[in-house]
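Colleague: I would like to learn how to read a model like this one, feature by feature. Could we go through it together?

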Amino acid sequence: MQRYKSPLIATAGQPAIVYIDIKSPYAFVALKPIFALERELGVQFDWRPLTLDIPSYLGSAKKKAGKVVESNRSASQWSGVKYAYRDARRYIERQGYILKGTEKIWDSSIANIGILWVIEHARDKLEAYLEAVYPLFWRRELDIEDVAVVAACITTAGVCADGFEAFQAGIGKEVHDQLQGQLHHNNIYGVPTYVVDGQILFGREHLPLARWHLTGKQGDAPDIAYELNSEANLQLKSELSPKLSAELNTELNANKSDIKLTLFIDFKSPAAYLALKPTLDLIKTYHLDVNWLPFPTKQSAIAIEQDNETKGETHRRVRAVQRQQMHEMYAKLSNTPMHFRPKPGNSDLALNVLANLSVDPTTFVSRAYDAYWIEGKDLNDAVVVEQLVTDAGLHFSAELLQSKAIDNSIEQAQAQGVFEVPAFVINEQVFIGREHMPWLKEIVVNHD
């Protein structure tokens, strides 16, 4: 099992490494698209387990009969966890599966060591093993901390499990633990993570970019996106004649003006800034009626590495570094100018203007983003903000700087479960992040 000595370099003939954890709902949702990509490319990826230490980053909690009986999570951590489960659930249901929130934070190491066993003994059965484990676990019908239960899943997948109990307590555990110990130091911290050409891509939203890398970087690089597995619809569209396709698009767009899209943003949020172009394209293509609302977010400078930092501190620091690097990479790929500051600025006054504008704020929104991310201006300076309003061709008045309206916007956002931006609210559903753009487009196209 020497192949696992490096967390970044795949073995000979392996085009990519994939890290997963049985207890991750997002990894569960990613399985079908990843295996579909394997079949598309005619290759087998180098799958590896990453047993998440969730309490070190998101705190811990325990439920009994559906009620929380133990918790050390903050309100913001709970918001993130609850949204993550709701989001994963709606995507996994598209694949025909059920996902129930877990009653505790499971130790998934035995089931993850099962991944090592299957790869070592029958690599072609890996998908069958994961199919034997994931669906049952997420229906709360599988105890992944029971060695005998995991061994039975291995057998169900068509792999001999003789010796697995000794393996998971011996060499399998040693390899697993050694691998986990290497990950944070190599900027790997979550699942699913893809390592392609030595580049670390955390999150299933990067699968389109992984595919682009693995197919020779042909054409323009794709943006982040959660895949919908709608191959049939794509095939139908490709079979339409250009004339018929244009007529269909015209007919679809004619009735989109009654769709209400609410979009919560913060000018100092890098994710919200990178969502601007695809959002404006969506609005223009489908003639959408959009309600732009402010939602101030907390943006922090990246912590400096400390000799005695805790595992949680290491996780947060590594995650922050990787997140910024991903923002910068996608900005470069999309030719979007973007300059991070050593310490994030303040955007309160500009957000107050957005909250108080009674006319279409789109021009002001674009101008404010450019001022922050390209020109490095202070969006909490009254003189700067007044000039931005004027630059946008709008009339400035002191009333635009009042904060009462933004307080109402924050209350509305929180009531809808918004905790981060960009947040799209459409058809009473909340989608946080531009990676949901395929689903947003689907909602718009199917609207009648």
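**Reading the model**

Modeller: S108 has a relative accessible area of 0% and is buried. The model is predicted. S108 is found in the loop between helix 3 (75-94) and helix 4.

Colleague: Which residues is S108 in contact with, leaving aside its neighbours within four places in sequence?

Modeller: The contacts of S108 are D21, I22, K23, T51 and I144, once those neighbours are left aside.

Colleague: What about the chain as a whole: how many helices and strands does it have?

Modeller: The chain has 19 helices and ten strands. Of its 448 residues, 48% are buried. Among contacts with a separation of 6 or more, 73% are between residues 24 or more positions apart.

Colleague: How do I read a pair of aromatic rings?

Modeller: Two values describe such a pair, the distance of the centres and the angle of the planes. A search of the whole structure finds 20 aromatic pairs. In one of them, F28 and Y134 are stacked, at 5.3 Å centre to centre with 15 degrees between the planes. F28 lies in helix 1 (residues 25-41) and Y134 in helix 5 (residues 126-138), so this pair ties together parts that are 106 residues apart in sequence. Both residues, F28 and Y134, are buried.

Colleague: And W117 with F167: why is that pair edge-to-face?

Modeller: Planes over 60 degrees apart count as edge-to-face. The planes of W117 and F167 are at 70 degrees, with the ring centres 5.1 Å apart, so the pair is edge-to-face. W117 belongs to helix 4 (residues 109-122) and F167 to helix 7 (residues 164-169), so the pair ties together parts that are 50 residues apart in sequence. W117 counts as buried at 5% relative accessibility, and F167 is buried with a relative accessible area of 8%.

Colleague: Which residues form an aromatic cluster?

Modeller: One aromatic cluster is formed by F267, Y273, F340, F364, Y369, Y372 and W373. Rings also meet charges here. The charged end of R204 sits over the ring of Y91, 4.8 Å from its centre. The charged end of R434 sits over the ring of Y330, 5.7 Å from its centre.

Colleague: How should I think about a nonpolar core?

Modeller: In soluble globular proteins, nonpolar side chains tend to be buried together. Here the largest nonpolar core has 132 residues, of which W47, Y129, L130, F164, F267 and F364 touch the most other members. Helix 4 gives the largest share of this core, nine residues. Not counting residues up to four places away in sequence, Y129 touches A111, G114, I115, V118, V150, C153, I154 and A157.

Colleague: Which residues of helix 13 are buried?

Modeller: In helix 13 the buried residues are L276, P278, T279, L282, I283 and Y286.

Colleague: Now the strands. Which residues of strand 5 are buried?

Modeller: Strand 5 (residues 193-196) is covered on both faces: T193 and V195 are buried on one side, Y194 and V196 on the other. Three bridges join strand 5 to strand 1 (residues 17-20), and the two run antiparallel. Y19 stands opposite T193 in that pairing. Four bridges join strand 5 to strand 6 (residues 199-202), also running antiparallel, and V196 stands opposite Q199.

Colleague: What lies between strand 5 and strand 6?

Modeller: Strand 5 and strand 6 form a hairpin with two residues between them, and D197 in the turn has a positive phi of about 55 degrees. Strand 9 and strand 10 form a hairpin with two residues between them as well, where N427 in the turn has a positive phi of about 50 degrees.

Methods
Residues numbered from 1 in each chain as written. Predicted model: local features only at pLDDT ≥ 70, side-chain atom pairs only at ≥ 80, totals over all residues. Heavy atoms only, no water. Phe/Tyr/Trp six-rings, centres within 6.5 Å; stacked < 30°, edge-to-face > 60°. Buried < 20%, exposed > 50% of the residue type's maximum accessible area, 1.4 Å probe, protein only. Lys NZ or Arg CZ within 6 Å of the ring centre and 35° of its normal. Contact = heavy atoms within 4.5 Å. Core = buried A, V, L, I, M, F, W, Y, C linked by side-chain atoms within 4.5 Å. Pairing = 2+ DSSP bridges.
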